[in-house]
Amino acid sequence: MDLLAIDNIMKKYEYRHYNIIGILQDAQAIENYLPEEVLHYISEKMELSLTRIFDIATFYKAFSLRPRGKHIIKVCCGTACHLSGAVSNIDQIKRVLNIQEGQTTEDRRYSLETVNCLGTCALAPVITVGEEYYDAVNPGQVEKILKDHDSMSDE
Ligand code: FES
C-alpha cells in the first residue's frame, strides 16, 4: 500500500477527526478496500484510537476490510428486482465468474455484492458494474455485460 497517498489524503482533510469518514472513503478508493495496515497508519498519524476507526469502518456497509475486486458488481435484490429475476442474474454471475456472493475473483478483477434497492425499481432487475448501470437485465445478457465492461475498462 502506498502510504504516501494516505498521507496526502489526511493532509487534504487537514488531519481533522471529524473528517474521518471522508478520509476512509478516499483511502478505500485506492484499492477498493481498507487494508488493516492503512487503518493502523491513519490511527497513528491522526492520533485517533484504532478502536474508533475500526468501529466506523465496520459500521458502514460502504467500507470493506476484505480485499475486493477492481470492479464491484452490485445486484439489486429489492422486492421489484427479486420478483423480476434478480436471483437468476446472481446465479448466472456466480457461474460466469466462479465466485459466490461476497467473494472476489482470484485475479481481483470483480467482486459480487447484493444491495437492497438501487432506486430504479421500475426498470428491474438492475445491476451495476463499477460505475455502469444496467437495467432490465436477464441471465442471457450477463456474460456480454461483463465482456463489454472488461473491454471498456481496459481502454
Ligand atoms: S428493488 Fe431493485 S431498484 Fe428498487
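## Overall make-up

Of the 155 residues of the protein, 24% count as buried, where buried means that 20 or more other C-beta atoms, placed from the backbone, lie within 10 Å of the residue's own. This is a predicted model, in which local features need pLDDT of at least 70 and side-chain atom pairs count only at pLDDT 80 or more, while totals for chains, interfaces and linings use all residues. Residues are numbered from 1 along each chain as its sequence is written.

Along the principal axes, the C-alpha atoms of the protein fill a box of roughly 50 × 30 × 25 Å. Among contacts in the protein with a separation of 6 or more, 59% come from residues 24 or more positions apart; two residues are in contact if their C-beta atoms, placed from the backbone, lie within 7 Å.

## Domains and elements

Domain 1 covers 3-59 and domain 2 covers 71-154, with bounds that come from an automatic or database domain assignment. The centres of the two domains, taken over C-alpha atoms, are separated by 29 Å.

The protein has seven helices and four strands. These are DSSP runs numbered from the N terminus, with helices being H or I of at least four residues and strands E of at least two. From the N terminus on, their order is α-α-α-α-β-α-α-β-β-β-α.

Helix α1 (residues 3-12) and helix α2 (residues 20-31) have axes that come within 9 Å and cross at roughly 155°. Axes are lines fitted to C-alpha atoms, for helices over the stretch in contact, and angles run from 0 to 180 degrees between N-to-C directions. The crossing angle therefore makes α1 roughly antiparallel to α2, a label for angles over 145 degrees.

On the α1 side, the contact is made by A5, I6, I9 and M10, and on the α2 side by I23, D26, A27 and I30.

## The sheet

Four strands form an open sheet in the order β2-β1-β3-β4, with mixed pairing; two strands pair if DSSP finds at least two bridges between them. At the edges are β2 (110-115) and β4 (132-134), each pairing on one side only. From one strand to the next, the twist averages 20°.

Strand β3 (residues 127-129) runs antiparallel to β4 and is joined to β4 by three bridges. V129 has E132 as its bridge partner in β4. Helix α6 (residues 86-97) packs on the sheet and touches β1 (71-76), β2 and β3. The direction of α6 makes about 155° with that of β1.

Conventions. A residue is buried if 20 or more other C-beta atoms lie within 10 Å of its own, exposed if 12 or fewer, and partly exposed in between; C-beta atoms are placed from the backbone. Angles under 35 degrees count as roughly parallel, over 145 as roughly antiparallel, 65 to 115 as roughly perpendicular and the rest as oblique.
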